[in-house]
Amino acid sequence: MRVTLLGTGDTTGTPTVGCDCDTCEAARERGVSRSRFSVHVANERTGESLLVDFSPDFRQQFLAADVPLPDAGLVTHIHFDHLDGLGNVYRLVDGLPVHAPAETDPATDRSVAETIRDKYDYLEDRIGVHARDPFEPFETCGFEVRFVPVDHPPLVCYGVVIEDPETGATLSLTGDTSYDVPERSRDALAGADLLLADAIVPASLCEHHPIGGRHEGPDGVPRTFGTKHMTREGALALADELDADRTRLVHLAHYYPADEAFAEPLAVDGEVYDL
């Protein structure tokens, strides 16, 4: 399993357009990017590849990373920075299966799968949307895949577990989530060779959020920034609990102070991991 981090940023990315903060300037000087979130997972045993989330930066990500177009896709939730790149597959692929959760979202009265079908009805001859129940494994690209519910109010959102059934290599993604990941989902995400964990900002920035932080650890440090995302400290605490062999922090905002923004284990676009 070869994992390529196509996009490791939050909704505005780093550098952020029009921003001259120290972190964005440092990214430009270093020649690094954190575009909107997306992960490419290649099965080198079968020659197929899977894309987790369709970033609005789809075109540039694939040109920069020089990875093959996907044979299938997953969508974790309907926020634009994870879904709106799907339109890029027009005239690039033919018959792309897109797997998405089947659970109805009380906030929209539709599932993620139903929302994709409606929004991208003009792609009906190019993609096939497959609704999947949470926790139920399904096969795609030679992998066994499960969507696991996480906590990203007000919309439903899911983490993902991807395993090669022949080698046992496992990739876990928390998806966009607060620290309040349900226990059953924590169990499913545990023990991965590589964990990609949402860590939008350091906990020190919670004092600037209108509602501050939540889920303080024993040291009083917030593990959730506001309501939707983990802090760096929260993501590391979760990673420690999940006992992943390796952890990379993703979905990172340009609000990280410049002297912290590129320190381990914060990821940047283009990183590749062979599991």
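Is Asp243 buried or exposed? I opened my notebook with that residue. The model is a predicted one.

**Entry: Asp243**

I looked up the accessibility first. Asp243 has 60% relative accessibility. Exposed means over 50%, so Asp243 counts as exposed. Next I checked the backbone. Asp243 is not a glycine, yet its phi is positive, near 55 degrees. Then I placed Asp243 in the chain. Asp243 sits in the loop that joins helix 6 (232-242) to strand 15 (247-250).

**Entry: Cys141**

I went on to Cys141. Here, too, I found a positive phi in a residue that is not a glycine, at about 55 degrees. Cys141 belongs to the loop between strand 7 (138-140) and strand 8. Is Cys141 buried or exposed? I read a relative accessibility of 4%. Buried means under 20%, so Cys141 counts as buried.

**Entry: cis peptide bonds**

I turned to the peptide bonds. The bond that runs from Thr14 to Pro15 is cis. I noted its omega as near 0 degrees. Pro15 is found in the loop between strand 1 (2-7) and helix 1 (22-30).

I wrote down another cis bond, from Pro153 to Pro154. Its omega is near 10 degrees. Where is Pro154? I found Pro154 in the loop between strand 8 (143-149) and strand 9 (158-163).

**Entry: the largest cavity**

How many cavities of 30 Å³ or more does the structure hold? I noted two. I took the largest cavity to start with. It holds about 50 Å³ of space. I listed some of its lining residues, including Phe37, His82, Leu173, Asp176, Val250 and His251. Which strand gives the largest share of this lining? I found strand 11 (residues 194-198), with three residues. I also sorted the lining of the largest cavity by class. There are five nonpolar, four polar and two charged residues.

**Entry: the second largest cavity**

I then looked up the second largest cavity. Its volume is about 40 Å³. Among the residues that line the second largest cavity are His77, Ile78, Asp105, Arg110, Leu155 and Val156. I also put Thr108, Ser111, Val112 and Thr115 on that list. By class, I noted four nonpolar, four polar and two charged residues in the lining of the second largest cavity.

How values were computed. Residues numbered from 1 in each chain as written. Predicted model: local features only at pLDDT ≥ 70, side-chain atom pairs only at ≥ 80, totals over all residues. Heavy atoms only, no water. Helix = DSSP H or I, 4+ residues; strand = E, 2+ residues; numbered from the N terminus. Buried < 20%, exposed > 50% of the residue type's maximum accessible area, 1.4 Å probe, protein only. 1 Å grid on protein atoms, 1.4 Å probe; cavity = no way out; pocket = protein on both sides within 12 Å on 5 of 7 lines; lining within 4 Å. Points joined across faces, edges and corners; volume = space filled by probe spheres on them. Nonpolar A, V, L, I, M, F, W, Y, C, P; charged D, E, K, R; others polar.
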